[in-house]
Amino acid sequence: MSKKGLSIIRYDILKSCHITKEGHIGSAFSILELIYIIFQKYLKKNYFILSKGHASIGAYSVMHHLGFISKKAYDSFCNFNSNLGGHPDSTKMPIFNFSTGSLGHGLPNSSGLAYALKQKKSKKKVICLIGDQELMEGTTWESLHIIENYKIKNLILIIDRNKSDFRSIRFLEIKKKLSVFSDKIHEINGHNLLEIKDALKKSLTNKSFNIIIANTVKGYGIKSIKNNPAWHHKSPTTEELKNFKKELCL
Amino acid sequence: MSMRKKFPETIELLMKKNKNIFCLLGDIGVFSFRNIFDKYKDRILNMSTMEQSMVGFGAGLSKGGYIPIIHTIAPFLVLRALEQIKIDFVYNKLSCNIVSVGASNDYAKLGTTHHCFEDISILSNYSDVNIFLPSNSNEFQNLLQKNYNNKLVNYFRITEETRKIKINENSFIENNKKKNLLIVVGNAIDEHLIGDKKFDIYYINRISKNINLNFISRYKKITIVEPFFGNIIERLIREKKYLKNEILTISYNETILHKYGNKSEQDFYLGFDNLSVIKKIKKFNAQ
């Protein structure tokens with residue numbers, strides 16, 4: 001995928017959010033490259049859970065570009081009868097496996113599913129993408145204990161480290177704290193496709209519980225959205241959309 | 001045998017019969033499951049006191065094609081892990097069996113932290129949840145065996161036993177074409193204590209969206225006795241627009257108690273002891 005290709009996906013997200021007045025652009029932009037690689041390469045043989053469901057528009061846009069859903073379906077984002085909501089509904093979109101939106105649900109669900117797969121001796125693994133703010137949810141840490149105690153190795157936890165916590169209680173020394181639960185922690189640039197591919201490839205082939213800390217930027221790609229809390233749940237105006245298109249060199 | 005003792009026995013029978021059953025315990029009653037831990041150590045997990053993650057983990061098992069049976073004390077399941085029940089199971093349309101113990105004020109002496117009068121009121125808001133309210137151990141075993149694999153979200157409320165006889169799901173105990181009807185829900189009261197009866201008696205041990213209450217339109221007065229908070233059966237009757245009926249619900253009307261003592265003392269304080277309930281039933285039906 002070229003830089004231009006990713007810019008087109010970003011612009012599509014901006015357009016959808018402009019039309020529907022909905023969507024979490026900052027989060028969608030921070031996970032875009034991660035989602036792109038997962039959906040392009042690793043979805044068929046594994047289960048993916050988007051625990052940070054508010055970034056759903058990022059996933060829908062990638063799905064549209066990879067041909068998983070039609071333009072008509074993509075354009076229906078957040079319409080009354082749409083399959084694509086502000087947070088994913090797994091009964092309408094089974095590809096997401098679990099309906100998410102309330103933070104802290106994805107990792108418990110993922111650990112249960114991974115345990116089930118382990119019992120079935122399945123070769124499939126579970127890839128769970130959480131936001132760094134989800135590290136503040138007690139259920140995330142409870143699940144890490146479950147994973148450790150029941151020796152769940154067929155699970156890859158990706159943390160979108162976009163520093164959302166910096167506007168509230170900061171989560172300091174993530175890697176050090178997580179190292180209690182895994183000796184396979186990969187810290188990468190979450191916007192670098194090669195680093196993402198490499199970390200996922202390693203995680204999927206070894207026999208440990210892997211954690212990928214993906215350092216990302218909230219709102220990556222657009223200067224005024226980047227790390228700007230005002231854009232957490234805001235949609236662009238017509239004027240802003242025009243300017244963002246220029247900024248993305250489209 | 002109490003329902004609590006019958007539970008591990010039933011689980012052992014079911015786990016032997018169906019290899020897809022997984023039992024998750026919230027560090028409650030663990031010793032009574034020791035035989036099962038010996039036999040099926042990978043299929044029975046003591047999940048400690050992480051109730052929310054236990055329910056979320058159960059949803060993962062269900063997604064993976066297994067049948068989770070999740071057990072701990074009612075408030076820690078229905079109140080603390082409510083969002084997990086709602087989202088992970090009901091919204092995702094995944095199935096499970098949630099078995100609570102100590103609902104209402106069964107743990108009277110332990111105080112309000114361990115009470116849960118409002119479980120049925122809360123769970124009945126989700127039309128896809130099936131609520132089972134057995135009133136003796138055989139009935140509980142029967143209901144669990146019959147329904148554990150029905151691909152739905154099932155909630156079983158294990159309480160103190162009140163009724164000796166085995167009864168089928170939602171059925172008449174007495175049907176003599178009287179003008180009035182008494183509906184007894186779960187272990188609310190043993191109808192034998194009432195004495196001379198001027199009404200038919202219908203027993204409800206399953207509340208679901210398909211509950212059939214059509215027959216009640218033929219009754220003039222309906223008394224409902226339910227051992228929880230929230231006037232649930234009356235709400236269902238009113239939703240079905242049988243408004244000509246005169247209805248009295250006798251139930252718990254508090255959820256926060258600053259009292260200890262034993263259950264009968266608390267029930268007396270709350271006007272829900274057998275004598276008070278019988279008095280209210282008779283007064284309403286005598287009018």
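Student: What makes strand β4 (residues 96-101) of chain B count as mostly covered?

Tutor: In this predicted model, six of the six residues of β4(B) are buried, and a residue is called buried when its relative accessible area is under 20%, so the description of the strand as mostly covered follows from that cut-off.

Student: Which residues point one way from β4(B), and which the other way?

Tutor: B:Cys96, B:Ile98 and B:Ser100 point one way, while B:Asn97, B:Val99 and B:Val101 point the other way, and all of these are buried.

Student: Why are β3(B) and β6(B) each said to pair with β4(B)?

Tutor: Pairing requires at least two bridges between the strands. Strand β3 (residues 67-73) of chain B is joined to β4(B) by five bridges, and strand β6 (residues 153-158) of chain B pairs with β4(B) over six bridges, so both meet the requirement. Each pairing is parallel; B:Ile69 has B:Asn97 as its bridge partner in β4(B), and B:Cys96 has B:Val153 as its bridge partner in β6(B).

Student: How do you know how much area chain B and chain A bury between them?

Tutor: Buried area is the accessible area that two parts lose on being put together, summed over both, and for chain B and chain A this comes to about 2,200 Å², 59% of it on carbon and sulfur atoms. On the side of chain B that touches chain A, the elements that give two or more residues are β2 (44-46), α3 (51-63) and α5 (82-91) of chain B, and α3(B) gives the most, with eight residues.

Technical notes. Residues numbered from 1 in each chain as written. Chains lettered and ligands numbered in written order. Predicted model: local features only at pLDDT ≥ 70, side-chain atom pairs only at ≥ 80, totals over all residues. Heavy atoms only, no water. Buried area = accessible area lost by both parts, 1.4 Å probe. Helix = DSSP H or I, 4+ residues; strand = E, 2+ residues; numbered from the N terminus. Buried < 20%, exposed > 50% of the residue type's maximum accessible area, 1.4 Å probe, protein only.
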